[in-house]
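Hi,

Here is the structure I promised to pass on.

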Amino acid sequence: MTEIDTSALFAQAAGVLQDNDRGTYSVPTKGLYPFQWNWDSCLTALGYGFLDEDRAWTEIETLFRHQWDDGMVPHIVFHVEDDGYFPGPDVWGVAREIQTSGISNPPVAGFAIRRLYDRSSNPEAFRARAEALIPKISHWHRWFHACRDPEGTGLVAVIHPWETGRDNSVDWDAAFDRVPTEGVKPYTRRDTSHANPEHRPTQAQYDRYIWLVQHFRSLGWDNSRLHDASPFQIVDPGFNAILIRSCEDLADLADALGMAEIAAENRAMAERTRAALPSLWSEAHGQYLCLDRKLGTLIDSRSIGGLMTVFADIGAEHAGRIAERVEEIASQTKWIVPSHDPAAADFNSTRYWRGPIWLIINFMIADGLRRQGRIETSDRIVGSSLDLIAVSGLAEYYDPHTGEGCGGGHFSWTAAMVLEFLNIGDGVGNEALNH
Ligand code: DGY
């Protein structure tokens with residue numbers, strides 16, 4: 001392992017967070033992603049929390065100012081004009097004064113505000129802001145259950161790969177093949193002029209991303225229709241685990257602030273999802289799998305989506321199996337945790353979500369394992385993550401074999417996660433954080 005200078009690392013991460021700060025929101029990175037992204041923002045807020053708590057709350061408040069009336073919180077808010085990104089607001093065609101995309105993102109806001117509140121040296125100072133955000137976040141959770149699980153199974157689906165955040169995961173290759181491409185209007189990608197095209201999704205995948213956007217737009221972005229009308233309906237275990245964790249964290253915070261009704265509703269939502277989650281468990285693979293809701297079958301793809309589930313309280317047995325799986329992977333790649341099974345034929349160590357390591361995912365797995373008593377494996381993930389930064393800086397994602405930084409550079413949520421890693425457990429970097 002590389003020698004880690006925690007004070008230098010702290011300064012490096014803080015520098016990235018400051019550079020990507022646009023006053024009331026942050027961009028994930030200049031150029032490649034010039035607007036506010038939903039889960040990027042909520043996780044980046046955790047980083048701001050170490051620098052300026054007020055700024056951290058503002059980040060999440062800004063996002064929720066763009067919540068739709070039905071409760072949906074969009075995955076992109078187009079605060080400014082910038083033709084360096086595709087697809088921009090003209091493709092989404094959402095009728096709002098400040099335009100947004102029309103799909104959502106993993107719901108980490110409930111988790112994030114609880115963490116900010118609990119960690120504050122003066123939580124009372126943020127009480128009113130928490131009280132204002134809690135009903136909005138609760139509305140979003142309710143929206144997921146109503147609009148992404150219309151039959152009330154307890155598990156929510158995603159209807160676009162961008163909604164999961166794991167855009168080009170191997171998990172949805174087969175389901176995505178069923179998405180047509182006829183009628184996609186001609187377009188020019190921008191991502192490949194900012195990042196190495198070999199690190200990004202393929203053209204065939206982009207055509208399908210855009211077909212889905214055009215299809216949902218043709219239905220007027222009416223969320224009461226989109227789920228059933230989508231040829232792509234995937235139940236992602238990691239996504240559902242995030243929802244469980246956020247519902248529970250929001251419930252705890254709501255209880256602490258005397259908002260009993262919201263607390264009870266969120267606990268009930270978490271319980272419904274937790275009760276249904278075992279239907280995604282694969283004994284043969286020792287982890288959870290995605291479900292193709294259109295076919296009603298589990299998808300035989302061993303990806304990070306099934307390991308992220310440990311972010312929620314899934315019980316000691318499954319948490320233990322996931323720790324074992326992480327340890328097994330650690331014997332196959334130099335750094336962990338790759339986003340896809342390194343032994344699989346379709347593993348690709350540099351292409352976005354088909355193999356590279358993402359530090360936000362490492363953070364969720366490390367945090368979850370730690371909560372469930374798997375300290376040694378959690379520490380291994382933290383050590384590997386900090387080592388990657390020391391080797392390759394604050395990239396968007398990393399090659400698990402070579403440690404090469406891939407995709408965009410100078411990345412906000414990677415920087416934020418570094419501050420979290422320095423603080424986790426006994427806090428390898430407590431000195432740096434308390435400087
Ligand atoms: C992108 O443009 O790569 C994003 O992941 C879509 O949100």
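Helix H1 covers residues 6-19 (helices are DSSP runs of H or I, at least four residues, and strands are runs of E, at least two, numbered from the N terminus). Its 14 residues reach 20 Å from first C-alpha to last, close to the 20 Å expected at 1.5 Å a residue, where the expected span is 1.5 Å times one less than the number of residues. Buried residues in H1 include Leu9, Phe10 and Ala13 (buried is under 20% relative accessible area, exposed over 50%, partly exposed in between; 1.4 Å probe, protein chains only).

A caveat: this is a predicted model, so local features need pLDDT of at least 70 and side-chain atom pairs pLDDT 80 or more, while totals for chains, interfaces and linings use all residues. Numbering runs from 1 along each chain as its sequence is written, and side-chain values use heavy atoms, without hydrogens or water.

On to charges: I get 33 salt bridges, meaning a side-chain nitrogen of Lys or Arg within 4 Å of a carboxyl oxygen of Asp or Glu. Asp149 and Arg293 form one at 3.5 Å, N to O. That pair links distant parts of the chain, 144 residues apart, and both Asp149 and Arg293 are buried. Arg189 pairs with Asp191, with the closest N and O atoms 2.7 Å apart. Arg189 counts as buried at 11% relative accessibility, and Asp191 does at 5%. Arg321 bridges to Glu283 at 2.8 Å between the closest N and O atoms; Arg321 lies in helix H14 and Glu283 in the loop between strands E4 and E5, so the pair ties together parts 38 residues apart in sequence.

Cheers
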